[in-house]
Amino acid sequence: MDDIVLLGSTGSIGVQTCDVCRSLNIKIKALSANSSTALLEEQAREFQPEYVAVSDVKYYKEIKTRLADTSVKILAGEEGLNELASLKCGRVVNAIVGMAGLVPTLKAIEAGNDVALANKETLVTGGSLVISKAKEKGVSIYPIDSEHSAIFQCLMGADENKASKIILTASGGPFFGKKRSDLVNITKEQALKHPNWSMGAKITIDSATLMNKGLELIEAVRLFGVSPEQVEIVVQRQSIIHSAVEFEDGAIIAQLGSADMRLPIQFALTYPKRLPCPAKKLSLFDVGELTFARADEDTFVCLSAAKKAIKLEGNAPCIINCANEAAVSLFLKDKIRFLEIGETVEDALSQVKFKAAPTLEELLETRAEAESFVRKKFNLSEEICLL
Ligand code: NDP
Ligand code: MG
């Protein structure tokens, strides 16, 4: 099997990717973290990559010291990350969280590397640029996000038959069935308790606000070339049906499995091969029943804001993404309340400058503008970095 470059190896997806590599004996050429040097060291000693990088330059010295007795080359900062993404390899796995993943994805594509993509913010913020560059370079993007992996699998063998509808399933998160008045005093601890999945902090909060489903709607539009109206969001509380595709004749093909990210991660690495996987196999008898419901967009306003943003196109998805990243980071620091995340996303969409056909530079400007909008909204000093 071809070797991989693994960006964001110390996160939830990163660690599970290591698990898959361990079980299939996949060689890891490079690893990266932001600041988790202890785990990065442990991974480097186990997988013996040629390179490791820390994106936060403050940790360069520390990782250099930790790995001083090895021959691993150590890089740092955005440039270091971009260098790893450009290394010739079988796949670049992008498991970075946030829009920080966009430029490394573009660098991987420019270098002609196929990308196994967990970093949905790449496609939300810079989707048009990424998809057109991938086409130009003849590079494939294999989705890791479980819903998009499911859709990708449902479309295998469809040949010329186009999907008439994509059924994007959602767990509904920890606050399914609640109204805005029930959510006023939600704490970080309550929001971090997802019913079905164990994930990084940012995506867990996104799942509680349903921003995650909004981001995934945009991700689906980008990956599968459908209109936003062709994506139907269905709450499937058990997280067993990972998504489905409806064809012209009304046939619906779905992908089912246990709620374990190692399955979509592995498929993104081994496609088109299916190999034994460390994830637990699903017993339908244990599941018993599957339920379906509509998402409540009046309560979970992040989802309606994401729908508005993808219809507006341009830098609108980037605006809502960055406002959300900044708001979630404040919520996790106990600086704002749960419902203020959605309010921030909505306000940013109407107040940050709209650009119809943004370049990469303009998207990076949008990111800074959204961050500064959030800083002003909550009267935070210029020194506080949110993104
Ligand atoms: P985590 O927060 O657990 O991990 C993020 C990784 O990115 C860590 O290795 C972290 O390093 C690194 N990182 C953080 N900030 C930066 C930065 N500014 N520049 C470069 N690297 C950085 O996130 P998850 O693994 O949960 O999620 C990763 C991506 O996958 C997200 O886009 C998420 O939406 C998507 N995803 C996740 C799923 C899941 O089950 N977790 C499911 C589907 C999609 P450090 O450890 O040093 O902080
Ligand atoms: Mg998902």
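These are my notebook entries on a predicted model, written up as I looked things up.

**Entry: the magnesium ion**

I began with ligand 2, the magnesium ion, and asked which residues coordinate it. I found Asp 145 (OD), Glu 147 (OE) and Glu 216 (OE), at 2.1 to 2.2 Å. Along the sequence, I wrote the spacing of these donor residues as D-x1-E-x68-E. Next I placed the two glutamates: Glu 147 sits in helix α7 (residues 146-154) and Glu 216 in helix α10 (residues 211-224), so the pair ties together parts that are 69 residues apart in sequence. I also checked their cover, and both Glu 147 and Glu 216 are buried.

**Entry: ligand 1**

How many residues surround ligand 1? I noted 25, and the closest are Thr 10, Ser 12, Ser 35, Ser 36 and Glu 121. Helices α1 (12-24) and α6 (120-137) each give at least two residues to this shell.

Then I looked up some polar contacts. The side chain of Ser 55 has an N or O atom 3.3 Å from a nitrogen atom of ligand 1. For Ile 96, a polar backbone atom is 3.5 Å from an oxygen atom of the ligand. Ala 118 also uses its backbone, with an N or O atom 3.4 Å from a ligand oxygen. On its own, ligand 1 has 900 Å² of accessible area, and the protein covers 85% of that.

**Entry: helix α14**

Is α14 enclosed or open? I counted 16 of its 17 residues as buried, so the helix is largely enclosed by the rest of the structure. Just after α14, I spotted Asp 334 with a positive phi of about 60°.

**Entry: helix α16**

I repeated the check on helix α16 (residues 360-377), which has 18 residues. From first C-alpha to last it reaches 26 Å, close to the 26 Å expected at 1.5 Å a residue. Its buried residues include Leu 363, Phe 373 and Val 374, and I was pleased to find Glu 371 and Arg 375 on the list too. What covers them? My list includes α5 (102-110), α6, α14 and α15 (338-351). After α16 comes Asn 379, with a positive phi near 50°.

**Entry: loops and backbone angles**

Asn 25 is in the loop between α1 and β2 (28-33), and Ser 239 is in the loop between β9 (231-235) and β10 (241-247). Are they buried or exposed? Asn 25 has 70% relative accessibility, so I put it down as exposed. Ser 239 has 5%, so I put it down as buried.

I also found a cis peptide bond joining Tyr 271 and Pro 272, with omega about 5°. Pro 272 belongs to the loop between α11 (262-270) and α12 (284-287).

**Entry: Asn 185**

My last stop was Asn 185, in the loop between β8 (163-170) and α8 (188-191). With 59% relative accessibility, Asn 185 counts as exposed. Leaving out residues up to four places away in sequence, Asn 185 touches Gln 190 and Arg 337.

Terms used. Residues are numbered from 1 along each chain as its sequence is written. Chains are lettered from A and ligands numbered from 1 in the order in which they are written. This is a predicted model: local features need pLDDT of at least 70, side-chain atom pairs count only at pLDDT 80 or more; totals for chains, interfaces and linings use all residues. Side-chain values use heavy atoms; hydrogens and water are left out. Buried means under 20% relative accessible area, exposed over 50%, partly exposed in between (1.4 Å probe, protein chains only). Helices (H or I, at least four residues) and strands (E, at least two) are DSSP runs, numbered from the N terminus. Donors are N, O and S atoms within 2.8 Å of the metal (3.2 Å for Na, K and Ca); water is not among the atoms, so sites may look incomplete. Contact means heavy atoms within 4.5 Å. A residue is near a molecule or strand if one of its heavy atoms lies within 4 Å of it. A polar contact is a pair of N or O atoms within 3.5 Å; within protein, one must be able to donate a hydrogen and the other to accept it, and residues adjacent in sequence count only if both atoms are side-chain atoms. Accessible areas come from the Shrake-Rupley method with a 1.4 Å probe; for residues, only the protein chains shown count as cover. The expected span of a helix is 1.5 Å times one less than its number of residues.
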